[in-house]
Amino acid sequence: MNDSLIYTAANNLEAYLLQGLFQGEGIGVWLDSDALMGAVGELPTEVQQVRIWCNAYQLDRAKQVLAGYLQTANSDWYCGGCGEVNGGAFEICWRCQRPSRF
């Protein structure tokens, strides 16, 4: 069976977040290069990236899940409590601490 690269995460935090997202959708993934984070500050940032892989037969579904993640991560949202505009990376309003899309 062939392995397929799904995404290259900037760091361990993003990689583990995506791993949980994929696994929650029933997509088995594995990471490589995640052990290098112990050398942060000593290695160039491109070496610290973590690649996320899946089986080729799950690649289409994984791409759909990834597209949803990337769209959400890059979309601003308005807080339902105070009306403040928050970046897509925020899960709670920076002004009033209300959960996103509440």
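How are α1 and α2 oriented to each other, roughly parallel or oblique? In this predicted model, where local features need pLDDT of at least 70 and side-chain atom pairs count only at pLDDT 80 or more, totals for chains, interfaces and linings use all residues. Residues are numbered from 1 along each chain as its sequence is written, and side-chain values use heavy atoms, with hydrogens and water left out.

Two packed helices are described by the angle between their axes and the distance between the axes. Here the axes of helix α1 (residues 12–24) and helix α2 (residues 59–73) come within 11 Å and cross at roughly 125°, helices being DSSP runs of H or I with at least four residues, and strands runs of E with at least two, numbered from the N terminus. The two helices α1 and α2 are therefore oblique to each other, since angles under 35 degrees count as roughly parallel, over 145 as roughly antiparallel, 65 to 115 as roughly perpendicular and the rest as oblique. The contact (heavy atoms within 4.5 Å) is made by Glu14, Leu17, Leu18, Leu21 and Phe22 on the α1 side and by Ala62, Val65, Leu66 and Tyr69 on the α2 side.

In soluble globular proteins, nonpolar side chains tend to be buried together. Leaving aside its neighbours within four places in sequence, Ile6 is in contact with Phe22, Val29, Ile52, Trp53, Cys54, Leu59, Ala62 and Leu66.

Leu59 has its place in helix α2 and is buried, with a relative accessible area of 18%, where buried means under 20%, exposed over 50% and partly exposed in between, for a 1.4 Å probe and protein chains only. Apart from its neighbours within four places in sequence, Leu59 is in contact with Ser4, Leu5, Ile6 and Cys54. The C-alpha atoms of Leu59 and Asp3 are separated by 9.0 Å, although these residues are 56 residues apart along the chain.

A last stop is Gln97, found in the segment after β5 (85–86), which is partly exposed, with a relative accessible area of 47%. Most residues other than glycine have a negative phi, whereas phi of Gln97 is near 65°, a positive value.

Conventions: Axes fitted to C-alpha atoms, helices over the stretch in contact; angles between N-to-C directions.
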